[in-house]
Amino acid sequence: MGKSYPLIPKKVPHIETKYRRIKTEIPVPESIPILEKLRTYEPLSMSGQPPVVWDHAKGVQVYDKYGNKWLDFSSGVLVTNAGHSAPLVLSEIKKYLEKPLLHNYCFPSEIRAALVEKIASVSPEPLKKVFLLTTGAEAVECAFKLARTYGKKTNKKVVISYEGSFHGRTLGAQMLGGLPGLKGWIIHPDPDVYYLPFPGEPRCKDKSFDFFERHIKELGIEPENVCAVISETYQGVSGALMPVEYAQQLRKWCDKNGALLIFDEIQAGFGRTGKMFGFQHYGIVPDIFCLGKGISSSLPVSAVVGKKEYMDLYEPGTMTSTHTGNPLCCAAALGSINAIEKYNLVENAAKMGDVLEEELTEIYKKFDCIQFLCGKGLVWGLQIGKKGTERPDPDTAFEIVGRCVEKGLLLFAPVGLGGGTIKINPPLIIQEDALREGCSVIREAIEEITG
Ligand SMILES: Cc1ncc(COP(=O)(O)O)c(C=O)c1O
């Protein structure tokens with residue numbers, strides 16, 4: 001299913017605007033040895049992204065060392081919420097480089113104390129315990145483990161997840177993911193993990209909570225055996241959110257049946273949807289939530305945040321990690337959260353989200369090759385495939401992304417069911433002129449590809 005972009009330089013029109021500059025063939029002929037080295041020494045799975053060799057990145061722009069400059073609609077992979085190389089992130093990291101303090105395991109540090117306090121301060125009551133980790137998948141594994149540990153005490157083991165969900169690529173996280181291409185590779189799937197249709201997904205016709213209750217009955221699940229329900233706040237593969245009513249009923253159902261409600265906020269957190277956390281659109285509070293990506297706008301940091309009764313299930317020294325709270329990573333996260341607050345980036349995401357929605361809705365209406373448009377704030381998914389049908393068209397999506405990159409707009413390779421979704425998620429610092437310019441590139445690329 002996955003594809004690699006060819007490493008054959010192609011003559012493309014030169015471009016020079018405020019945000020984009022393309023002055024070479026793409027991929028750049030001089031960059032081919034680097035790209036070939038990567039293809040030789042890395043596993044095939046690493047060759048999925050457009051062949052742009054990043055040299056440095058700042059704000060909403062990514063640069064190579066051959067004079068080209070891209071307007072970034074990828075945020076890496078929804079990481080650089082505060083912008084690439086945000087000054088507050090850089091200055092915090094520099095402090096720890098200069099001390100220097102590069103590692104301190106789980107020994108106490110001032111910066112780790114400052115970060116957990118900060119994360120707790122932006123988290124809703126009563127979710128005030130924070131466990132720092134390194135990657136998103138690790139945070140999901142930890143939340144899964146806490147749910148099962150809690151379940152062991154109360155004799156519950158069923159975990160409900162959703163079809164189409166993505167929670168990372170370590171074994172447990174991949175197993176919780178409900179994409180056929182992820183589940184399909186698990187040799188001994190956990191018999192007590194179930195997947196329900198995600199009600200926000202446009203192909204899911206019944207969006208009522210009755211559907212949840214009917215479905216678990218059909219699957220033979222006894223509600224009292226459920227220890228947790230886990231969901232992304234919006235599904236990364238499409239950009240689709242849960243219907244609000246459904247989310248609120250789910251919260252009540254979990255309370256009634258003593259099940260933990262876990263939200264994976266690894267993509268949604270830190271302002272991406274126009275709220276600090278995506279679950280705030282639902283007016284509910286989970287029992288545990290997972291953070292990653294935009295938490296630091298840069299270095300690898302993730303976190304599990306939850307109620308004391310779940311977070312304190314493990315004795316001192318028995319739930320730790322070698323790199324938990326690495327000082328450089330903590331400094332980056334503190335700088336990023338401070339930047340998000342100082343520059344009102346959550347508000348900017350909501351405001352710019354309206355502009356992006358308007359632009360993408362026009363694009364969606366104009367082209368017969370777009371099936372669905374889903375999203376909120378500064379995260380949207382254009383699902384490519386013939387309008388009125390449901391089968392995705394990954395080849396066209398792949399070509400559109402490639403063409404945008406040739407025109408100086410950086411997107412990552414399509415994702416989602418059948419690889420048909422083009423994700424649009426610029427840094428939250430983006431301004432209206434850049435947003436409209438990027439959308440005009442998408443429009444041009446679709447016109448050229450689909451004739
Ligand atoms: C919703 C969600 N959960 C978990 C992950 C896994 O995060 P990581 O790649 O940092 O392990 C991702 C990554 O894309 C994600 O989008």
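Good morning, colleagues. I begin with helix α9, residues 244–257, which lies across strands β9 (226–232) and β12 (260–264) and runs at about 140 degrees to β12. Please bear in mind throughout that this is a predicted model.

Let me turn to the sheet to which those strands belong. β9 and β12 are part of an open sheet of 7 strands with mixed pairing, in the order β6-β14-β13-β12-β9-β7-β8. At its edges are β6 (129–133) and β8 (193–196), each of which pairs on one side only. From one strand to the next, the twist averages 20 degrees.

As a brief reminder, strands of a sheet pair through backbone hydrogen bonds, in either the parallel or the antiparallel sense. Strand β7, residues 158–162, pairs with β8 in the parallel sense over 4 bridges. Within that pairing, Y162 has L196 of β8 as its bridge partner.

β6 and β14 run antiparallel and are joined by 5 bridges, with V130 standing opposite V305 in β14. Strand β13, residues 288–291, is also antiparallel to β14, through 4 bridges. Here F289 stands opposite V305.

I move now to the ligand. Which residues come nearest to it? Of the 14 residues around the ligand, these are T135, G136, A137, G168 and I266. The element that gives the most to this shell is helix α5, residues 136–154, with 3 residues. By class, the shell comprises 5 nonpolar, 7 polar and 2 charged residues.

Finally, I come to a pair of helices. The axes of α4 (residues 110–122) and α11 (residues 327–342) come within 9 Å and cross at roughly 35 degrees. The crossing of α4 past α11 is left-handed. On the α4 side, the contact is made by I111, R112, A114, L115, K118 and V122; on the α11 side, by P327, C330, A331, A333, L334 and I337.

Thank you for your attention.

Technical notes: Residues are numbered from 1 along each chain as its sequence is written. This is a predicted model: local features need pLDDT of at least 70, side-chain atom pairs count only at pLDDT 80 or more; totals for chains, interfaces and linings use all residues. Axes are lines fitted to C-alpha atoms, for helices over the stretch in contact, and angles run from 0 to 180 degrees between N-to-C directions. Helices (H or I, at least four residues) and strands (E, at least two) are DSSP runs, numbered from the N terminus. A crossing is left-handed if the near helix is turned anticlockwise from the far one by less than a right angle, and right-handed if clockwise. Two residues are in contact if their C-beta atoms, placed from the backbone, lie within 7 Å. Two strands pair if DSSP finds at least two bridges between them. A residue is near a molecule or strand if its C-beta atom, placed from the backbone, lies within 6 Å of it. Ala, Val, Leu, Ile, Met, Phe, Trp, Tyr, Cys and Pro count as nonpolar, Asp, Glu, Lys and Arg as charged, and the others, Gly among them, as polar.
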